[in-house]
Every structure is written in structure tokens, then in C-alpha cells.
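Thanks for asking me to look this one over. My comments follow as numbered points, after the structure itself.

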Amino acid sequence: MSTIQEKKLTQHTGYGRTRRKRPNPNPIDRSQSEGMPAPAQAPSGGGAAWRHLLLLLTALPLALALLAFALQWRGGGVDDPATRWPPHTAEPTTSSWLSHRSSSACADILAASSAPTFPYLRGWSFPFDAPHHPKVCVQTSTSAGLDQILPWLFYHKVVGVAHFLLFVEGKAAKPGVAGVLESIPGVKVVYRTKELEEQQARSRIWNETWLAGFFYKPCNYELFVKQSLNMEMAIVMARDAGMDWIMHLDTDELLYPGGAAEYSVRRLLADVPSDVDMVIFPNYESSVEHDDIKDPFSEVSMFKKNYDHLPKDTYFGMYKEATRGNPNYFITYGNGKSAARIQDHLRPNGAHRWHNYARSPNEIKLEEAAVLHYTYTKFSDLTSRRDRCGCKPTKEDVKRCFMLDFDRAAFIIASTASEEEMLRWYNERVVWNDRQLNLKLLRRGVLTRIYTPMAIVQGLRESGVFTSVIAASQSAANDKVPFQKNKTDSELRSVSGRFISSNSRKILSIVEPPFRDNDVSAVPPLSPPGLDEQQSFT
């Protein structure tokens, strides 16, 4: 058909375009006809798959980014919770800020309120004064300075101790030390005054036989009786303060709440069955690795385990290597310390145990928790113990003054040897400087590493807690806080003495129960079992 005829046909049928020509079933490849190579063609199905994969890889990151943005977006109509926090209710004045600008922020917090606030979220305050049970009280008798008492005290605050009863004398009773201690919330300072001694002289303890073997003897025996009398008064004071448990610790001892669900003495005692009256904490003994320790709580991490926490074959099998020529496995005591549930007729049974006038207490011994005893950790401990005791440096006289063999030997060395000889003796008997032996005993479990107390104390020191509380106390003294205003040191002691006197009468007025425990003797510091006792443990 000619071109003119096709045009007419299109106009007659009304179509606006020509029909598409039917493809030639046998097309002639012009490239082949011209001798050129044909281009490679990918299959149509494979190309579609690649395009889908590229689309997925592109869309997936974009979807994840949109999801992250949606999760973080607060929304246009939602305000920031921080904008709803109330402003500080008490902003410092210009004059007070200038007077305290040299102290740290921690000092301002300690001086302003007894309820610590979270330092990062403004307006948030943790309810430390809320009723947390059980409430734990720690009592001590000390003559130490702030360099030892403050790390000891704040460490135990961290692990959950709620109340402290500090019976102070010597350096600890000086105004510059006791004033700082009195400024700390939850701390009660009791001075050893004439009134206190007269009141304790009328204690029923003097009429009991369980402590009679320690009366009228010097040095450690005198300290042991004094600790028991202070513990007796502390029971009443702790009960009046609403405490549930009481424990006596020295300021060279730290509680280690091993085995608890959290690092907390309160949590540890909360899990104790209700029918248990006393919980025994076996003690671990510090094992110093050099002779120039300055701050034991921050520098000592190696401890010798108590025999109660070791397999007996390991304990007796490694006894000689662990003793290193000393009289006993531990250089000092090995019978631990105990916590008692506060209840009627409770009494001390020496510094290491508690008892009850009405019945024998039900006690358990903890399998993982311990008391860490930092004993003879500093070379100066040799001379300080010597200076506190007026006994003669003879083998017979030291028995009258000291209960443990190592204390007797240390007193004789400190009293008779030169400083060079003392240092040599100290390195031989106290310092663990044999690395191979240390590694062997660590592998056998006799020695162990405990870093948590060290980390806590170091953290407290680096955060400025200790210096802050001292600065806050000095600032409060300069500002004449009402408690300290117009009061001399003797008047403060008199107030403390009258307080103790009124409380101690409650002990003396206890109705005598039908049960008598005169046959139960006070538990002194005892050495761990020796090799001659191996048969009784097998």
C-alpha cells in the first residue's frame, strides 16, 4: 500500500497515530552484517535482583536513622523535665560565698544539710533519712586521730552503717578532732570523763564473774575491760536511737560484706533469719608488702584468710609457710568480731562477742563476709604500742600486760632494740616481701586480694570528702554554731557525761532474769588453732 493510501486510511478510522509495525521474526543484526562484535546483555531477571538489593541496602540505614531520631525526639509539645525542677531554695549570699570560696563544694554540702544530694541532677535528693531496715550501729573505743578515724567512719557509711557511737580519749578527745567528729551526721561522741568513769564503776559488770579475770590488770587487759563497759552503755544508746543491730569494731578494722547481694552490711544482715541473735564475722589479717605504709586503708590489698574460710587440709598443710616463724598463724587475734540483734537483756561478752542475761544466744558464722584487720601495718605501730604500756620488757612481765604472744614479742623488741634492729625484725616477721611465697599462698587460697575497701577509701579521699568535713567543721566553729556557742571543752564533756549517766541507769535497773550465765566467761582475743590442735579438727 502506498503512503498516500495509508494516510487516508488513518484519517478515515479516526486514529491519531499510525499503527506500530509488527517486529520482524528474523531480524538482521546489523553489527554482524557489518563485522562488529555484539554487546553483552545481562539477563533481565538478574538485573532486577541487583536493583532490589541496592534499594534495600540504601533504605535500611535510612530507616534505622529515622527510628533512632524518633526514639530520641522529645516532641515539640513536651518540655524538658529539667525545666520543671525547682530552683535552689537557699542560694549562698555574696559574703558567705566569699568566706567559703577556698573550700570545696563538698564542704558546702556537708555544712548546709545532713541529707546528701545527688551532685549531677539539680533538685534530686535521695531519702537517706527514710526508714531503711535493719539499721546498723557500730561502736568503738578509740584514741586515734582524724587520719585514721575519718576513712574508717566514711567507709562504713558507704557500706550501710547508720549510726556511730565513738567513745573517745587521748588524741581523739581533743577539740580539733572531736569537734570534726561531732559535726558528722549519725555520729555520737562520748568523752571519757570522770563522771563517765564513776558511772561505769557502778555497772553490774563489776559484780559479775564473767569478766572478773580481766580486772585490775594493765595494758591490754585494762583496754579489754574498758571496751566491755563502753559496749554495755552503747547497747542502751543504740536502742534509744532505733537501731536493730550493734557491732563493736576498732578503728583499724573494716567490715567486708562478702556474699551479700550488694556491697552492704545492711543487706547482709537483712538476710539473716529472724531467730538468729548474733552473727560472727571471721577476721582476715592484713599482709603488708613493704615497710613504708602510710595509709593502710588505701595501700593494703593482700590479706590472710581466717581458718574458718579455708579447707582444713589447706590450713594445716600450709601452716608453717603461712606462719613464717611467728608464734601463731595470725600475729594477733583470730576469733573474729560479731554483730548482735538489739533485744532485752543483751550484754557484751568481751570485745569479740555478745551474750544475753536471760538465755544463750542463737548464733551463726558467715561463710564469706569478714572483718579486715589492719594490724601492725605501719612500722610506727611497734613504738606506739610500746609507748601506751608501762610494763617491763621481760618475758614474765609482758604476760601480765598482753594476751597474745606476738604482742609480747613486739613489745620487747620495741623496748630493747635499736631502730635498725626493729626495722629488720619488722621486715622478717610482718612484711610479706617474698614474692614467690606470696604467689604460692595466693594460689592455694591462704592469701587473697581484696581491692574494694582500697578503692572506696581512695575514692573518698580523691573526692575531697575528708578535707571537706574538716573545713566544714572549722567553718561552723568560726560561725559559732548554737551547739558550740559559749561552751568550753569541760562543759561539753559534762553534757556527754550526764547523757551517759541517764542512759546507763536503764541498764542498772534491769530486772534480774531467772537464767544465770555466770559460768559463761568473756571471750578474749584468741589465736587461731595451731598444729598441736590438728587432731581435733580432723
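1. Which hand does the link of Cys 219 and Cys 389 have, judged by the angle about the S-S bond? The angle is 80 degrees, and the link is right-handed. Please keep in mind throughout that this is a predicted model.

2. The sulfur atoms of Cys 219 and Cys 389 sit 1.6 Å apart, and the two residues form a disulfide. Cys 219 belongs to the loop between helix H8 (194-201) and helix H9 (220-240), while Cys 389 belongs to the loop between helix H14 (380-387) and helix H15 (395-401), so this pair ties together parts that are 170 residues apart in sequence.

3. How accessible are the two ends of that bridge? Cys 219 has 15% relative accessibility and counts as buried because the cut-off is under 20%. Cys 389, at 10% relative accessibility, counts as buried too.

4. Now to the other bridge. Cys 391 and Cys 401 form a disulfide with their sulfur atoms 1.3 Å apart. Cys 391 is in the loop between H14 and H15 and Cys 401 is in helix H15 itself, so the parts tied together here are 10 residues apart in sequence.

5. What hand does the link of Cys 391 and Cys 401 have? With -90 degrees about the S-S bond, this link is left-handed. Both of its cysteines, Cys 391 and Cys 401, are buried.

6. A word on the overall count: searching the whole structure gives two disulfides. When the bonded cysteines are counted along the chain, the pattern of the disulfides is 1-2, 3-4.

7. One further cysteine deserves a line. Cys 137 has 0% relative accessibility, and therefore counts as buried.

8. Away from the cysteines, I also looked at Ser 286. Where does Ser 286 lie? Its place is in strand E7, which covers residues 283-286. With 6% relative accessibility, Ser 286 counts as buried.

Technical notes:
Residues are numbered from 1 along each chain as its sequence is written. This is a predicted model: local features need pLDDT of at least 70, side-chain atom pairs count only at pLDDT 80 or more; totals for chains, interfaces and linings use all residues. Side-chain values use heavy atoms; hydrogens and water are left out. A disulfide is a pair of cysteine sulfur atoms within 2.5 Å. Helices (H or I, at least four residues) and strands (E, at least two) are DSSP runs, numbered from the N terminus. Buried means under 20% relative accessible area, exposed over 50%, partly exposed in between (1.4 Å probe, protein chains only).
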